[in-house]
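Here are my notes for your first reading of this model. Keep the structure open beside them and look up each residue as you go.

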Amino acid sequence: MFVITGPTGNVGSEVVSQLLQHDPIPPFRTASRNPAAIQAKFGSAIESVRFDFADPSSWSATLKDIQILFLVSAQGSSNAARTQTIPFIDAAIKAGCQHIIFLSVPVGGTLKLVPHYTIERYLETCGITYTILRPSYFMQNFIRKDPTHGVDIATRGEIFIPAGKGRMPLIDTCDIAGVVIKILAQPAAHKNQAYDLTGPQALNFFEVAEIFTEVLQTPIRYSHPSLPRFWWRMRQRRVSLFLIIFMSIEYTATRLHQGEEQTEKLQQILGHPGTSLAQFIQNNRQRWQTQSWV
């Protein structure tokens with residue numbers, strides 16, 4: 001049994017979508033706070049159970065007959081990683097889990113400040129095999145309800161991100177999910193590996209704005225706000241404090257030109273190049289036109 005945590009997230013939802021395209025569909029279970037919403041989105045035939053990192057009583061049904069776990073960590077600080085995510089990993093191993101695919105962040109292997117660092121170090125000593133994925137900046141952040149970057153593009157004609165002139169090798173989460181599916185098929189081929197996954201282009205947000213302008217055929221500018229201005233607007237829109245802090249760390253690292261490097265790992269695993277930003281915008285152009293966010 002393949003268990004998917006975070007099935008409503010950027011990557012988890014795409015993993016579910018791609019699994020449903022297989023014939024036959026491999027056995028899998030989604031685990032979330034609202035299983036009814038998962039079934040409403042993907043169909044009632046999906047096995048979906050209630051799961052909460054903060055509620056260990058929900059873990060047993062989640063982990064029944066588990067073989068492989070797609071792990072998205074509990075939101076919060078490194079303390080949440082130690083008190084919730086790591087105990088859940090232990091429970092998964094005790095339940096029979098043989099391999100963990102962990103969705104980390106680009107700095108998860110080096111920056112102790114992020115909780116992903118704590119989890120990565122634990123996986124290295126937990127006693128079962130693992131694959132760590134460190135994808136770069138998600139293109140889907142431009143179409144998510146939170147953060148509200150899509151709203152700025154649709155209503156203000158601007159990209160409002162405090163990343164200065166730094167570059168990001170933007171990646172489509174459909175491609176990340178494709179990597180997860182490849183690992184699921186052959187976990188032994190990816191055991192105890194950490195993959196830095198990037199898209200095919202490292203762009204600064206001035207260049208991103210130019211591509212949006214070209215594809216959408218409407219002027220989009222990059223306003224390169226200060227960090228305080230970014231905080232003020234995000235708080236006005238009631239974006240969660242956790243997400244604002246996380247974005248601030250990510251965008252500050254970009255402003256300082258960290259994480260600009262591209263790798264070939266995505267193409268090596270998938271067997272084809274990743275999705276370009278222009279293609280992603282073309283595929284999703286109706287979302288900015290109708291403000292229908294995911």
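**Notes on the model**

1. Start inside, with helix α5. Its buried residues are P115, H116, Y117, T118, I119, E120 and L123. That makes seven of the nine residues of α5, so the helix is largely enclosed by the rest of the structure. Bear in mind that this is a predicted model.

2. What covers those buried residues? The cover of α5 includes the strands β4 (68–71), β5 (99–103) and β6 (129–135), together with the helices α4 and α10. Find each of them on screen. Then turn to α4, which the next point takes up.

3. Helix α4 spans residues 78–94, and helix α5 spans residues 115–123. Their axes come within 9 Å and cross at roughly 35°. The crossing of α4 past α5 is right-handed. On the α4 side, the contact is made by S78, A81, R82, T85, I86, I89 and D90. On the α5 side, P115, T118, I119, Y122 and L123 make it. Of these, P115, T118, I119 and L123 are also listed among the buried residues of α5.

4. Next, the charged side chains. Side chains of opposite charge can pair when their charged atoms come close. In the whole structure, a search finds 13 salt bridges. The points below take up some of them.

5. Take R33 and D52. They form a salt bridge, with the closest N and O atoms 3.5 Å apart. R33 lies in the loop between β2 and α2 (35–42), while D52 lies in the loop between β3 (47–50) and α3 (59–63). The pair therefore ties together parts that are 19 residues apart in sequence. D52 counts as buried, because its value is 16% and the limit for buried is under 20%.

6. S32 sits in strand β2, which covers residues 28–32. S32 is buried, with a relative accessible area of 9%. Which residues does S32 touch, leaving aside its neighbours within four places in sequence? The contacts are P7, I38, V49, R50 and F51. Take R50 from that list: S32 and R50 are 18 residues apart in sequence, yet 5.3 Å apart in space, C-alpha to C-alpha.

7. Now go to D152, which has two salt-bridge partners to check. One is R156, with the closest N and O atoms 3.9 Å apart. Both residues belong to helix α6 (residues 149–156); being four residues apart there, they are separated by about one helical turn. R156 counts as partly exposed, at 48% relative accessibility. D152 counts as buried, at 0%.

8. The other partner is R233. The side chains of D152 and R233 meet in a salt bridge of 2.9 Å, N to O. This pair links distant parts of the chain: D152 is in helix α6 and R233 is in helix α9, 81 residues apart. R233 is buried, with a relative accessible area of 9%.

9. D152, R156, E158, R221, R233 and R237 are linked in a network of salt bridges.

10. Which residues make the nonpolar surface patch of about 310 Å²? They are L227, W231, L241 and I245. The elements that give two or more residues to this patch are α9 (227–236) and α10 (241–255).

11. W231 is in helix α9, and L241 is in helix α10. W231 counts as partly exposed, because its relative accessibility is 30%. L241 counts as partly exposed too, at 43%.

12. Last, see what surrounds W231. Not counting residues up to four places away in sequence, W231 touches L241, I244, I245 and S248. L241 and I245 are also patch members.

Key. Residues numbered from 1 in each chain as written. Predicted model: local features only at pLDDT ≥ 70, side-chain atom pairs only at ≥ 80, totals over all residues. Heavy atoms only, no water. Patch = residues over 30% accessible without salt bridge, like charges linked within 9 Å, V, L, I, M, F, W, Y side chains within 5 Å. Areas by Shrake-Rupley, 256 points an atom, 1.4 Å probe, with all protein chains shown as cover. Salt bridge = Lys/Arg side-chain N within 4 Å of Asp/Glu carboxyl O. Buried < 20%, exposed > 50% of the residue type's maximum accessible area, 1.4 Å probe, protein only. Contact = heavy atoms within 4.5 Å. Axes fitted to C-alpha atoms, helices over the stretch in contact; angles between N-to-C directions. Left-handed = near helix turned anticlockwise from the far one by under 90°.
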